Amino acid sequence: MKKVIKKTALQTLLALLIVFIFFGCSPKVYNVPYIKPRTTTKYWQLPTGSKIAYTYLPAKGDSVKPYPVIYLHGGPGGYVYSKNIELLSNLADDGYNVYLYDQIGCGLSNRLENIKEYTAEKHKQDLEAIVKELNAVKVILIGQSWGGALATLYTADNNEKVDRIIFTNPGEIMPQIIKEPKNNFPDSLQLKAPSDLSAKSNKKALTARGISVAIWANFFGKKLASDYEADGYLTDLATEFTKALVCDSTKALKEEGGAGYYCNIRTNRSFGKLTDPRSKLQNNTIPILLLKGQCDNIEWEYNEEYLNIYKNNQLIVIPNAGHQIFVEQPERYIEEIRKFLNQ
């Protein structure tokens, strides 16, 4: 009797495995938008091997500021939203040359054939190459979420090239040293817990195809799915998890289809191999502005670390805004940035 039960259990397990492999290896089509070049889209072919898409907003007026502004989007695996371009055009009105670029593997930039090349170090090297391309003596960086961590990696090795930095809900400085953040923020900040809407996103992710693609990317560094399919998959997930990036989920920004799946998977995997940038940033005097949304989902301890490292800092909490401040409070967002840059 026991042998029969064991045989039946084994047959059931084998059948489930066959079904999992079948669905895991079957390509899937997602009913999501895919980003298309804008009339403003230009490209850099960098010496790092990256073909980078960017939008250039030229300074207006007779008084052009000496240092260009470079916008670093979130993710890894995010992209430049049209809303970012619209809002930061205000800085061009103030006389700044503004550049917004999609990181390699994201948005309108090229996808890499060897996905093991997606690393935080490569993103930093691309940024270094872009600054050289601009022939800029110094630059002003605006880092959104992961873009803040990227700005810090760049600054650690290029301190003399950075005039000032605007951090907007910056992500953890990598490699991460705060293992169990408690989100113990001062009462005076009046922060609020963000919406927890991860259930739907997690349900979408826990499919045979999604799990299989992630395993191949993470453990073998290979593409089981094409970039088109994989990016569509991440965009499909984003339609749910971006609702948690705002205070009011009904105001979540619609996806434009620029998600970079393999960039996301492999860049995150590379964080533990980074050389810690913190020691190189001691005693720096770079002025920074840190904007934090009242409902931001980044734990306070991670933001506080920026304030501890960059001593010449200003912190402003934006009420009724989540992780993407520019979505719910666009006027206040650009007002504080302009005020900081023009003071």
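Predicted model: local features only at pLDDT ≥ 70, side-chain atom pairs only at ≥ 80, totals over all residues.
I noted the ground rules first. Residues count from 1 along each chain as its sequence is written, and side-chain values use heavy atoms, without hydrogens or water. Local features need pLDDT of at least 70 and side-chain atom pairs 80 or more, while totals for chains, interfaces and linings use all residues.

**Cavities.** I searched the whole structure and found two cavities of 30 Å³ or more. A cavity is a set of points on a 1 Å grid over the protein atoms alone where a 1.4 Å probe fits but cannot get out, and lining residues have an atom within 4 Å of a point. Points are joined across faces, edges and corners, and the volume is the space filled by probe spheres set on them.

The largest cavity holds about 50 Å³. Its lining includes Arg38, Tyr54, Leu100 and Asp102. Strands E2 (51-57) and E4 (98-101) each give two or more residues to this lining, and E2 gives the most, with three. Strands are DSSP runs of E, at least two residues, and helices runs of H or I, at least four, numbered from the N terminus.

The second largest cavity has about 30 Å³. Among its lining residues are Tyr30, Arg209, Glu229 and Tyr233. Helices H6 (208-220) and H7 (227-241) each supply two or more of the lining residues.

**Helix H11.** I checked its length: the 13 residues (330-342) should span 18 Å at 1.5 Å a residue, and the end C-alpha atoms are 18 Å apart, which agrees. The expected span is 1.5 Å times one less than the number of residues.

How values were computed. 1 Å grid on protein atoms, 1.4 Å probe; cavity = no way out; pocket = protein on both sides within 12 Å on 5 of 7 lines; lining within 4 Å.
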